[in-house]
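Please look over the structure shown here before reading on. The notes below take it up topic by topic.

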Amino acid sequence: MTTRKGDLGRLTLVATIVALAFVAACDDTPFVAPEGSTITLTASPTTVRIDEPEGEDSGTSAIQALVFDEGGIPLREANVYFASDGGSLDTNGEPVETDDNGVARATLSVGLSDEGTVTITAQSGAVTETRDVTVDILGVNQLPSVSITATPATQQRKSVQTIFRGTATDPDEPDDAVTCWRWEIISSLGGTPEVIAGASEQEIVRTYTNEQTLTVRLRASDDPGLVCSAGASIGSFGAQSSIPYLIVCDTSAPSASAGTDQSANLAGGSATVSLNGSGSSDAESGISSYAWTCGNGTGGNTAQVNCVYSTTGSFTATLTVTNGCGQTASDTATVVINP
């Protein structure tokens, strides 16, 4: 066959087109992040909570991969591959191109069998980043138990403030917030018990003007559907904690002081010794009475007393003081009578 010059040119053009088409077909590799790029991977939410008692059996988290080139500029049209070791991704193993902001998106779906941690991986070329998503299966709500602390710990003087504070322990993981504290205070003086209820009543402050024994009780609930009130059903609360507490007139005994030891000489058949108990004190309720015995069968009932002795010897003078709440204390002084 004879090939003319024009035919040769056409054949050369066709061969070139075929060659270019072949090269284009062979260069079908997806565009990925080049070396030096970075991926920032986020999940929202990072904890997926499935409330099984409410009939939920699945949940989702939105996954985003933000790709930056080596210069820190968002990389557009880069292919990102998502993978997970639990749940399922809506990408089904196919790459996702980053948008004009350098973001590629996927959705993670998880179920009851995925409880724990699911690890998400985003990869573009040799660049890889991972992110954990926690899957929390909420079971049937368990009500909290409580404990009570008082300040001061066991008793307080009347007309002085006492603080009662509750602490809740929730067996659920994670802990649920307390929605209602319910206090009940019963007095040994009788009457209707005081009931206090409220979401913010974790701590209450009380002042009592009469001596009495209190029984302080506390319950708590973390049921968000509970209408928190003094009349709320006890069955909506966890186990009760209870402590006894004393309201007293005074928390300590008085301090008695009979003064220093004394000595005197008999003169004209007698000796008089002055004893002073004014150093006695009680900061809370004061000293209400003094009672002296001189050691020789005589005495007195004032802060200062004169004891008269008619014989020589060593005598023990005793002072007993009583505070405003009826508590007593005693002290002694030695009196020596010389000839």
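Strand β13 (residues 180-187) pairs with strand β14 (residues 194-198) through five bridges, in the antiparallel sense. The model is a predicted one.

- Within this pair, Arg182 lies opposite Ala197 in β14.
- Six residues lie between the strands of the β13 and β14 hairpin, where Gly190 takes a positive phi near 90 degrees.

**The open sheet**

- Four strands make up an open sheet with antiparallel pairing, in the order β1-β3-β7-β5.
- The edges are held by β1 (38-44) and β5 (88-89); each has a single partner strand, so one side of each has no neighbour in the sheet.
- Strands of a sheet pair through backbone hydrogen bonds, and the pairing is either parallel or antiparallel.
- Nine bridges join β3 to strand β7 (residues 103-111), again in the antiparallel sense.
- Ile63 stands opposite Ala106, a residue of β7.

**The negative surface patch**

- Which residues form the negative surface patch? Glu52, Glu54, Glu56, Asp57 and Glu115 do.
- Glu56, one of these residues, is located in the loop that runs between β2 (47-51) and β3 (58-68).
- Is Glu56 buried, partly exposed or exposed? Its relative accessibility is 34%, so Glu56 counts as partly exposed; that class lies between buried, under 20% relative accessible area, and exposed, over 50%.

Key:
Residues numbered from 1 in each chain as written. Predicted model: local features only at pLDDT ≥ 70, side-chain atom pairs only at ≥ 80, totals over all residues. Heavy atoms only, no water. Patch = residues over 30% accessible without salt bridge, like charges linked within 9 Å, V, L, I, M, F, W, Y side chains within 5 Å. Areas by Shrake-Rupley, 256 points an atom, 1.4 Å probe, with all protein chains shown as cover. Salt bridge = Lys/Arg side-chain N within 4 Å of Asp/Glu carboxyl O. Lys, Arg positive; Asp, Glu negative; His and termini not counted. Charge placed at Lys NZ, Arg CZ, Asp CG, Glu CD. Helix = DSSP H or I, 4+ residues; strand = E, 2+ residues; numbered from the N terminus. Buried < 20%, exposed > 50% of the residue type's maximum accessible area, 1.4 Å probe, protein only. Pairing = 2+ DSSP bridges.
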